[in-house]
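Here is a colleague's note for someone opening this entry for the first time. Please read the points in order, with the structure beside you.

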Amino acid sequence: MTAATTPTASGGGARAGTGAALLPSLYTDPALMPAEQELIFERTWQLAGHVSALPRAGSYTTARAGSQPVLVVRDGDERLRAYRNVCRHRGSRLLSGSGQCKGAIRCRYHGWTYRFDGTLIGVPEALAFGERLDKSTLGLLPVRVEELCGLVFVNLDPDATPLAELVGDLPERLARYRIEALEPFAQSDGGDGQPANWKIVVENYIEGYHIPIAHPGLMRMLDYKRYAVDVREHYVWFEAPLRAKPSANRLERGYARLVEPMPGLGEEDRRVWRYAFIYPNTTIDLYPDQVNTWQILPHGIGRTDDVFGSYRPADSSPRTRLVQWLNQRLNTLVLDEDVDLVDNVQQGLQTRGYVCGPLSRREQAVAWFADRIRADLAPAVASG
Ligand code: FES
Ligand SMILES: [Fe+2]
């Protein structure tokens with residue numbers, strides 16, 4: 001969406017890419033999708049939602065790890081548990097959306113019932129299965145789950161490194177925003193999506209080189225020269241200070257004049273937009289007035305679902321609500337501009353025989369992302 005890049009020195013863990021963009025076929029060849037699913041979406045931490053969807057025992061939410069349906073439920077000990085969202089009987093999806101289970105997870109098809117710890121405890125007319133029914137082998141299929149600063153992540157790889165370990169100091173950077181205490185006020189399950197491969201959408205989010213050309217409103221609001229990126233091994237952090245000079249645009253000027261830091265933030269946070277990107281497809285937009293998250297999911301080779309959540313303090317004042325509305329208006333315009341950009345990249349990359357040109361230092365996160373993708377897909381792609 002936004003983001004940019006004055007490369008800054010950043011302490012330990014900073015990392016530069018090789019500078020080479022991915023081959024165009026990686027964005028256009030549908031034959032690649034099963035490998036991406038297996039080697040990326042089934043091995044990495046995938047955002048599954050916000051803790052506000054899981055307030056008490058029996059609360060659940062559902063998500064996708066790429067194509068794979070997953071459910072997260074809070075058990076009787078207040079612990080989060082995650083499972084493949086499929087009934088062990090004949091494959092019905094168990095839960096949809098978010099909500100509250102009454103004491104157990106019950107399949108809507110034939111009523112097989114599971115405890116929150118995954119154990120199968122109820123089978124209607126169990127005797128009719130004869131000896132073929134061994135409940136102890138028919139529990140829900142577990143999935144790794146972790147909470148990071150109020151955001152819930154799942155991972156289909158039982159051997160995955162814990163997310164907290166991967167992202168190092170990211171929780172310290174997020175902590176001041178108190179994401180766990182915010183409440184949702186706008187959400188979308190991907191809706192219209194974006195007309196480009198998911199990696200094009202990611203790459204557009206993690207570089208700001210296009211801001212001066214393609215986002216006139218953002219350019220008026222942000223101090224582009226001071227826009228900074230810090231590339232770490234598993235995440236990228238962006239700092240986008242707002243300009244001191246008031247914008248000539250009424251909405252932009254209103255936002256900059258009225259915005260106040262949320263509880264937890266200080267004066268130094270009032271005039272800066274921050275973004276975090278966790279490899280491979282989670283983005284967290286940190287504004288003084290709200291936090292937005294996106295899960296960038298493939299929907300076919302040339303389309304992307306962007307699963308979106310917006311969060312703010314429960315007791316936002318009328319002034320802050322106005323600021324939040326202005327923020328949404330301004331960023332919807334930016335998103336519309338980005339949708340047009342990624343659409344054009346997807347079209348252009350169909351050009352037979354084309355290879356991408358060099359990447360700028362302002363695109364160092366794109367180089368990092370390309371390196372990560374190449375490494376993950378190496379078992380399936382000879383070069384690229
Ligand atoms: S598919 Fe779930 S009970 Fe039959
Ligand atoms: Fe953009």
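**Notes on the fold**

1. Start with the division into domains. Domain 1 of the protein chain covers 6-43 + 166-377, and domain 2 covers 45-159. Domain 1 contributes 19 residues to the contact between them, and domain 2 contributes 17 residues. The centres of domain 1 and domain 2, taken over C-alpha atoms, lie 31 Å apart. Bear in mind that this is a predicted model.

2. Now look at the side of domain 1 that touches domain 2. The elements giving two or more residues to that side are α2 (33-41), α4 (170-175), β12 (183-188), β17 (291-298) and β18. Of these, β17 gives the most, with four residues. By class, this side of domain 1 has ten nonpolar, five polar and four charged residues.

3. Next, the chain as a whole. The protein chain holds ten helices and 18 strands. Along the principal axes, the C-alpha trace spans about 75 × 55 × 40 Å.

4. Of the 384 residues in the protein chain, 41% count as buried. Take the contacts between residues at least 6 apart in sequence: 68% of them join residues at least 24 apart.

5. Helix α9 deserves a check of its length. This helix takes in residues 318-348, which is 31 residues. At 1.5 Å a residue it should span 45 Å, and its end C-alpha atoms are 45 Å apart, so expectation and model agree.

6. Which residues of α9 are buried? They are T320, V323, Q324, L326, N327, N331, D338, V339, V342 and Q346. In an α-helix there are 3.6 residues a turn, so residues three or four places apart point the same way. The buried residues of α9 pack against α1 (25-28), α5 (198-205), α8 (250-258) and β18 (304-312). Note that β18 is also among the elements on the side of domain 1 that touches domain 2.

7. Strand β15 (residues 272-278) is largely enclosed by the rest of the structure, because six of its seven residues are buried. What does β15 pair with over seven bridges? The partner is strand β14 (residues 235-241), in the antiparallel sense. One place to look is Y235, whose bridge partner in β15 is I278.

8. Strand β15 also pairs with strand β16 (residues 282-286). The two run antiparallel and are joined by five bridges. Here Y275 has D285 in β16 as its bridge partner. A hairpin of three residues links β15 to β16. As a guide for viewing, side chains in a regular strand alternate between the two faces of the sheet.

9. Finally, a sheet of three strands. This open sheet has the order β7-β8-β9, and its pairing is antiparallel. Which strands form the edges? They are β7 (105-106) and β9 (120-122), each of which pairs on one side only. Strand β8 (residues 113-114) and β9 pair over two bridges. In one of them, Y114 has L120 in β9 as its bridge partner.

Conventions:
Residues numbered from 1 in each chain as written. Chains lettered and ligands numbered in written order. Predicted model: local features only at pLDDT ≥ 70, side-chain atom pairs only at ≥ 80, totals over all residues. Expected span 1.5 Å × (residues − 1). Buried ≥ 20, exposed ≤ 12 C-beta atoms within 10 Å, placed from the backbone. Contact = placed C-beta atoms within 7 Å. Pairing = 2+ DSSP bridges. Domains from an automatic or database assignment. Nonpolar A, V, L, I, M, F, W, Y, C, P; charged D, E, K, R; others polar.
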